[in-house]
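Here is a short briefing on how one protein is put together. Please keep the model open while reading.

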Amino acid sequence: MIVRVLRPESGRVETGGDVIRRVLVVDDSRAQRRILTASLQRWGFDVREADSGGAALRICADYAPDLVLSDWMMPGMTGLEFCRVFRDMARDSYGYFILLTSKSDKDEVAIGLDAGADDFLTKPVNAAELRARIAAGARILQMERELTDKNRLITSTLGELQSLYDSLDSDLIEAKKLQQSLVSERYRDFGTAEVSLLLQSAGHVGGDLVGMFPISEGRIGLYGIDVSGHGISSALMTARLAGYLSSSVPEQNLALQKTRGGGFAPRPPAEAIAMLNRVIMSEMETEHYFTIALADVDLVSGHVIIAQAGHPYPALQRAGGTVEFIGHGGLPVGLIDAAEFQQFEVTMAPGDRLLIHSDGVTECAARDGALLDEAGLARILRDLRQTRGRAFLESLIWKLSDFAGDADFQDDISAVLLEFRPDPMPG
């Protein structure tokens, strides 16, 4: 069958030359190829010809056409078979495929679409219709290339973001090491009593801090701090606060005051917290505030003075196993300039233990949203009555994980455990 390309009746029809430049014409009839090629070249396209599907595939290996015009019925490899192979070829961009056919049956059209054809032209080919189909293909290719460019940009951006994330993640890992180093001593045996510390951040870094510092022979200070928020800014705040309660530089420790003899004596815990409040309000430009429990412990008499500023009520477990939560609550530090803080006293006997903990413990949530609360912590203390020191704190984490149904907690968890040794059994 001879293909006649009919001239458009009037007017200029856009062909999308910006995205369709290279066209491959495939037909076993030389005359038909020449007719199509002449029109396409007149419209400004770079045209190649092939007399069979096999020849067309060889051309496609070196010449990736933007548009293929292929006759359906050809000896050897049909246009339909060529279309299937063409679709399987590796390409950097999409190639638009138009089948030239005398077939108009809907089933035949469906077969062509299923093989990968994008459009059809019925012979004899009308020039206006051909240019209109090319223009339609150009719009599709334009959208495809814009999408490809956007995907490349997204891929490039994701690569840059991944690089930044990896760098940030590396920095956060180092920050976590530094923050954990603020609690360099996790356990100490003082003879009459033992102190164990727990610090576990919800993320790489967190806003909790625990510590201990010497006051004098037979006397120590303990503290637990919880800075508002999470993440880097909260962690930086804890690093600053660690300096104000330093165990290695007593001159900087606000819980200590210098004596005339050149030594150091304890400052009442409530007064020390008031000083911290003045420092935060006057020297630190921050929206963070923090809760704290600060204790002055006499290791000989068991007398403990505690100031509590918004921190959870410490749990006191007596040697017999009973648990009570002690304290007065109070305002957090860093909210009000002239805030006043109260302190209270308790005497611990041999076998007693005191747990100063952050709200990450009592506010640990189960899957149904229920909180552990003080009653749940009391149960854990009673269940672990015979477990002491660091083993107790490790078991506490396991108990919390079991309650939450997840080892990844939503909040930082920290605790200070003070345990007085029980009286030795009479021989």
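In what order do the 5 strands of the open parallel sheet stand? The order is E2-E1-E3-E4-E5. Keep in mind that this is a predicted model. The protein has 10 helices and 18 strands. It runs to 427 residues, and 46% of them count as buried. Of the contacts between residues at least 6 apart in sequence, 66% join residues at least 24 apart.

**The parallel sheet**

- Strands E2-E1-E3-E4-E5 form an open sheet with parallel pairing.
- Strand E2 (46-50) and strand E5 (119-122) stand at the edges; each has a single partner strand, so one side of each lacks a neighbour in the sheet.
- On average, neighbouring strands here are turned by 20° against each other, direction ignored.
- Strand E1 (residues 22-26) pairs with E2 in the parallel sense, over 5 bridges.
- Val26 has Ala50 of E2 as its bridge partner.
- Helix H3 (residues 79-88) packs on this sheet and touches E1, strand E3 (67-71) and strand E4 (96-101).
- The direction of H3 makes about 175° with that of E4.

**The antiparallel sheet**

- A sheet of 6 strands is also open, with the order E6-E7-E18-E17-E14-E15 and antiparallel pairing.
- Its edge strands are strand E6 (187-189) and strand E15 (323-325), each pairing on one side only.
- Neighbouring strands of this sheet are turned by 15° against each other on average, direction ignored.
- Strand E14 (residues 315-317) and strand E17 (residues 353-357) run antiparallel and are joined by 3 bridges.
- Ala315 stands opposite Leu355 in E17.
- Helix H9 (residues 373-383) packs on the sheet, in touch with E14, E15 and E17. Its direction makes about 145° with that of E15.
- Helix H10 (residues 389-404) lies across E6, strand E7 (193-200), E17 and strand E18 (413-420). H10 runs at about 35° to E7.

**The H6 and H7 pair**

- Helix H6 (residues 232-244) packs with helix H7 (residues 269-283) at an angle of about 135°. Their axes are 12 Å apart.
- That angle makes H6 oblique to H7.
- The crossing of the two helices is right-handed.
- H6 brings Met237, Arg240, Leu241 and Tyr244 to the contact. H7 brings Leu276, Val279, Ile280 and Glu283.
- Of the residues in this contact, 6 are nonpolar, 2 are charged and none is polar.

How values were computed: Residues are numbered from 1 along each chain as its sequence is written. This is a predicted model: local features need pLDDT of at least 70, side-chain atom pairs count only at pLDDT 80 or more; totals for chains, interfaces and linings use all residues. Side-chain values use heavy atoms; hydrogens and water are left out. Two strands pair if DSSP finds at least two bridges between them. Helices (H or I, at least four residues) and strands (E, at least two) are DSSP runs, numbered from the N terminus. Axes are lines fitted to C-alpha atoms, for helices over the stretch in contact, and angles run from 0 to 180 degrees between N-to-C directions. Contact means heavy atoms within 4.5 Å. Angles under 35 degrees count as roughly parallel, over 145 as roughly antiparallel, 65 to 115 as roughly perpendicular and the rest as oblique. A crossing is left-handed if the near helix is turned anticlockwise from the far one by less than a right angle, and right-handed if clockwise. Ala, Val, Leu, Ile, Met, Phe, Trp, Tyr, Cys and Pro count as nonpolar, Asp, Glu, Lys and Arg as charged, and the others, Gly among them, as polar. Buried means under 20% relative accessible area, exposed over 50%, partly exposed in between (1.4 Å probe, protein chains only).
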